[in-house]
Amino acid sequence: MQSASAPKQLKSVNLMSAGPKPFVQTSGEIWLNGQFVEVGQTSIPILTHGLHYGSAVFEGERAYGGTIFKSAEHTRRLKNSCNLLGFDLPFTFEVFEQAKRETLSRIGLQDAYVRAIVWKGSGGLGVGTGDNQVNAAIAIWQMDPYFNPASGGLRLDISNWRRPPPDCAPVKAKAAGLYAICTMSKDKAATRGFDDALMYDYEGRVAECTGAHIFFCRNGALFTPKADWMIDGITRASVLEIAAKRGISVTEKTIMPDEMSTYDECFIVGSAVEVVPVGEIKGQAFAPGKLTEQIIGDYGKMKYGRPY
Ligand SMILES: Cc1ncc(COP(=O)(O)O)c(C=O)c1O
């Protein structure tokens, strides 16, 4: 047994380069509580409430051609997520929007991933957050496509974890704590050779993936689970907007697992994920087709503010 006076030598781990593809900002500045700080100079105390108890909310956004896509919608949702967890975004909407724009411009990227996060910091470290300071940060980095699916589309596992009911969790908040089951589902899917996992909701209905909403297609029409117990997806709303403009019928409905076999095409959508075809949900095959291609093409234009 290791004695207290002879601490075990810890192997140094470079978290910045963990994994095959760095998925983190490694240089440039981070906006932290109103200041710009070099990423290498940033640190947070170990005794941070958000780290121990999940008192944190975040947004994942993308910038295209130097403009953050649907930035206001993301900031509004971030503010709402804070409120659902019982605190306030510690900056006004306008200041936060300006901070995101300025961070992007200082990073100097045209196309990038934007991560905004708000968390309860150090102070007391009991379950209650007390008056621990609320912190906010914005980090921006270059990000390749989230998925690089084979031409047949993504392969989805089905998670054993279910999305929680609305009386068991603040399901409309993009709260860090709610991602524990997404992370476990995603990791398990990866170890089983899948790209991602589909999650059912607490009543066994088709819900969403670990970081994306899901759409199905049949006879030129779109079908998607109602978002009653999920975050209000910004990309999902974009797809509904595209469909309305194109005159494509969309039905938001309860989708039970055995109904999935009645659809021909399937795709998933999210700010990081964008729009990606699905080729299989645990043995159930889908053939990415014209409607999926149409939505991918239109979203590709919409995100750059081009007409479609
Ligand atoms: C669990 C989950 N569902 C859906 C989405 C898609 O939401 P949005 O399109 O707003 O990024 C995300 C992405 O943030 C997510 O994490």
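Hi everyone, one definition to begin: domain bounds here come from an automatic or database domain assignment. For this chain, that assignment gives domain 1 (26–141) and domain 2 (154–302). Residues are numbered from 1 along each chain as its sequence is written. Please keep in mind that this is a predicted model, where local features need pLDDT of at least 70, side-chain atom pairs count only at pLDDT 80 or more, and totals for chains, interfaces and linings use all residues.

So how do the domains sit? Taken over C-alpha atoms, the centres of domain 1 and domain 2 are 26 Å apart. Their contact takes 17 residues from domain 1 and eleven residues from domain 2, two residues being in contact if their C-beta atoms, placed from the backbone, lie within 7 Å. Which element gives the most to the domain 1 side? That is strand S3, with seven residues.

A word on naming: helices (H or I, at least four residues) and strands (E, at least two) are DSSP runs, numbered from the N terminus.

Now have a look at the hairpin formed by S1 and S2, which has two residues between the strands. S1 (residues 29–32) and S2 (residues 35–38) pair in the antiparallel sense over four bridges; pairing asks for at least two bridges found by DSSP. Ile 30, for one, has Val 37 in S2 as its bridge partner. In the turn, Asn 33 has a positive phi of about 50°.

Last, the ligand. It is surrounded by 13 residues, and the closest include Gly 233, Thr 235 and Ser 271; near means a C-beta atom, placed from the backbone, within 6 Å. Helix H5 (residues 234–246) supplies the largest share of that shell, three residues.
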